[in-house]
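User: Please take a close look at one helix and the loop that follows. I would like the details in one connected answer.

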Amino acid sequence: SKGTVVLAYSGGLDTSCILVWLKEQGYDVVAYLANIGQKEDFEAARKKAVALGAKKVYIEDVSREFVEKFIWPAVQANALYEDRYLLGTALARPCIAHKLVEIAQREGAQYVAHGATGKGNDQVRFELSCYALCPKIKVVAPWRLPEFYQRFPGRRELMDYAKKHGIPVPVTPQTPWSMDENLMHISYEAGILENPKNQAPPGLYTKTCDPANSPDTPDVLEIKFERGVPVKVTNTGDGATRSSALELFVYLNDIAGKHGVGRIDIVENRFVGMKSRGIYETPAGTILYHAHLDIEAFTMDREVRKIKQGLSLKFSELVYNGFWHSPECEFVRECIGRSQEPVVGTVRLSVFKGQVYILGRESPRSLYNEELV
């Protein structure tokens, strides 16, 4: 045996083929599947990994940790990459990688592996996180190894390999684009979307409904913040409230999704030096971006806010490029966290037909002087 490798496993065609291929190369494979809020049959994925020869399968629910330790700092920062992208995938990767390294250390594995391609951002995000958390770890990235990508130049070769090795292949034809989902967002790219002129087909969106078909009455929400973090949401219509981090975020996803909030279609600059077209749905993240921006402007000193805006820009770039676990990103997070002490209060907003409308705000730390005005 070449030793043990912990594979970040999704249960899809690519990582299933990679699992079998790693075994062929002489590794003992431990599969790790992160539950980060995606809709997935985790039990079926576990059985599949075992059937394909995984020595052990870990299914770890990291959703709560994802919200509290990764999404909340991004909300405090008003993080936005290139003015539009709310960083749904970029925030999830260091969270997944953290547990990947933990499992590798628990299993005494020298290697970790992932199914990210050699052209995207995710390879960088996974690997920089792994190296930062465990400098001695070795990363196996099959899509960058000539012996792998020359053998599998396209999806057809992967399908043939899957059939030959008894890997269950999706019966239905796959959607002609690639999707990645977590609690915060879903992304669509590649395939027919690679021509930036092509409009997204109507059936593409899965987290949000078409704003044209959304309800004709808005949901009015009150979101309470402490130190720039949402701690309670109240629906003024039916009185529903949520206050635990995960429940609050899931609830906002439902409300925003129902009203078609959070869709963007952009061309962005990847870290590896190419432009790519991505379509994203970030329902709850979009509501919280607008709400936090509003309460921050209401409570934060003008000059502090100017400096904080510069830090937010830096933070967004570092997170996008995979540097979450770097000393500079930790420093920036610390500074942004310190700026959030006065960001306390409640924002009232309306969610309607694909938009978020701010209706009012109040705070015990308000710097607004009505008498003076």
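Analyst: The bend at a residue is the angle between axes fitted to the seven residues ending there and the seven starting there. In helix H3 (residues 63–77), a kink of about 35° lies at Ile71, shortly before the proline Pro73. Helices are DSSP runs of H or I with at least four residues, and strands are runs of E with at least two, numbered from the N terminus. This is a predicted model: local features need pLDDT of at least 70, side-chain atom pairs count only at pLDDT 80 or more, and totals for chains, interfaces and linings use all residues. Residues are numbered from 1 along each chain as its sequence is written, and side-chain values use heavy atoms, with hydrogens and water left out.

H3 has 15 residues and reaches 20 Å from first to last C-alpha. That is close to the 21 Å expected at 1.5 Å a residue, counted over one less than the number of residues. Buried means under 20% relative accessible area (1.4 Å probe, protein chains only). In H3, 11 of the 15 residues are buried, so the helix is largely enclosed by the rest of the structure. Among them are Ile71, Trp72 and Pro73.

Just after H3, Asn78 takes a positive phi of about 55°. The rings of Tyr81 and Tyr320 are stacked (centres within 6.5 Å, planes under 30 degrees apart). Their centres lie 3.7 Å apart and their planes at 5°. Tyr81 is in the loop between H3 and H4 and Tyr320 in helix H10, so the pair ties together parts 239 residues apart in sequence. Both Tyr81 and Tyr320 are buried.

How values were computed
Buried means under 20% relative accessible area, exposed over 50%, partly exposed in between (1.4 Å probe, protein chains only). Rings of Phe, Tyr and Trp (its six-membered ring) pair if their centres lie within 6.5 Å; planes under 30 degrees apart count as stacked, over 60 as edge-to-face and the rest as tilted.
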